[in-house]
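Subject: Structure handover

Hello,

Here is the structure you asked to look at. My notes on what was found follow below it.

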Amino acid sequence: SSENSNRLKIAIQKSGRLSEKSLALLKECGIQITTSPNALRAEASNFPLEILFLRDDDIPEYVQDGVADVGIIGENVMLEKGKKLELIDKLGFAKCRLSLAVPRGTTYDDVSFFDGKRIATSYPKILGEYFKEKNVNAEIHMISGSVEIAPSIGLSEGVCDIVSSGSTLLSNGLKEVETVLKSEAVLVANPDFNGEKRKNFEKLLFRMQSVRRSNK
Ligand code: ATP
Ligand code: ZN
């Protein structure tokens, strides 16, 4: 029905560091959602909106394919996985950074240290672009989890990973030496949807921006 096709679909993280604040933001926009613990989707009762609960890494793909129209992800994931996403707004939460780190005892002067070294990361694209810009020739090794243990098991001389307090690096005997990217939660959209759906999105966006202003 036309009612269905006008309903905006937003993808948010199912469970993790973005989940609670993504849902809270929607609620602050006056949107009523009844969530049940293991549901993969929910419908707002007072706005033409459907919420899809997904792994954050999968959200760029779903939005690009039009399965969802918009999504909330970290800027780090947008830049690593996004191909044709429209950045709508920064949301001010889930602030963190993507940093390079080396074993604590290492003598480190500048980024040229990484020339000819092996670096473990889950962010090969962002790191590759960073090294290219800095004229560094490093060997990037893609690892999907527990990147910070790579140096201690002899897999690499350094890591590039998400940091907020730095305690994970510390407890793995690493020190942070360069910030590659500063990140926060962002609202992204498929660039190609329009009509009623776009209007509904603009209504939601207007509310989000009002909430953001009054929370500042
Ligand atoms: P999923 O199961 O959905 O794949 P995940 O383990 O990949 O989850 P989380 O650890 O929940 O992801 O992190 C989600 C996003 O939150 C990250 O991509 C990043 O933008 C941000 N983030 C990660 N670590 C921190 C942190 N320590 N502090 C604040 N924000 C963070
Ligand atoms: Zn993830």
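Valine 70 touches Leu8, Ile10, Val63, Leu187, Val188, Ala189 and Phe201, leaving out residues up to four places away in sequence. Two residues are in contact if their C-beta atoms, placed from the backbone, lie within 7 Å.

This is a predicted model: local features need pLDDT of at least 70, side-chain atom pairs count only at pLDDT 80 or more, and totals for chains, interfaces and linings use all residues. Residues are numbered from 1 along each chain as its sequence is written, while chains are lettered from A and ligands numbered from 1 in the order in which they are written.

Val70 also stands out in the largest nonpolar core: of its 52 residues, Val70 and Val188 touch the most other members. The largest share of this core, five residues, comes from strand S11 (residues 185-189). Domain 1 (2-94 + 185-215) and domain 2 (96-183) both give residues to the core, so it lies between them. A nonpolar core here is a set of buried Ala, Val, Leu, Ile, Met, Phe, Trp, Tyr and Cys residues joined through C-beta atoms within 7 Å. A residue is buried if 20 or more other C-beta atoms lie within 10 Å of its own, exposed if 12 or fewer, and partly exposed in between; the C-beta atoms are placed from the backbone.

**Confidence and overall build**

The chain averages a pLDDT of 95, and 99% of the residues score at least 70. pLDDT is the predictor's confidence in each residue, from 0 to 100. The model scores ipTM 0.96 and pTM 0.95.

The chain has seven helices and eleven strands. Helices (H or I, at least four residues) and strands (E, at least two) are DSSP runs, numbered from the N terminus. The C-alpha trace spans about 60 × 35 × 30 Å along its principal axes. Of the 216 residues in the chain, 34% are buried. Among contacts between residues at least 6 apart in sequence, 65% join residues at least 24 apart.

**Helix H2**

Which residues of helix H2 (residues 19-28) are buried? They are Ser22, Leu25 and Leu26. Seen down the axis of H2, these buried residues fall within an arc of 95°, so they line one face of the helix. The arc is that of the directions from the helix axis to the C-beta atoms. On the other side of H2, Glu20 and Ala24 are exposed. The cover over the buried residues includes strand S1 (8-13), strand S4 (70-74) and helix H7 (195-215). Glycine 30 follows H2, with a positive phi near 85°.

**Leucine 91**

Leucine 91 sits in the loop between strand S5 (86-90) and strand S6 (96-103). It counts as buried because it has 22 C-beta neighbours inside 10 Å. Leucine 91 touches Leu25, Ile72, Glu184, Ala185, Val186 and Leu187, not counting residues up to four places away in sequence. Leucine 91 and phenylalanine 206 are 115 residues apart in sequence and 13 Å apart in space, C-alpha to C-alpha.

**The two domains**

The C-alpha centres of domain 1 and domain 2 lie 31 Å apart. Their bounds come from an automatic or database domain assignment. Domain 1 gives six residues to the contact and domain 2 gives eight residues. On the side of domain 1 that touches domain 2, helix H4 (residues 75-81) gives the most, with four residues.

Best wishes
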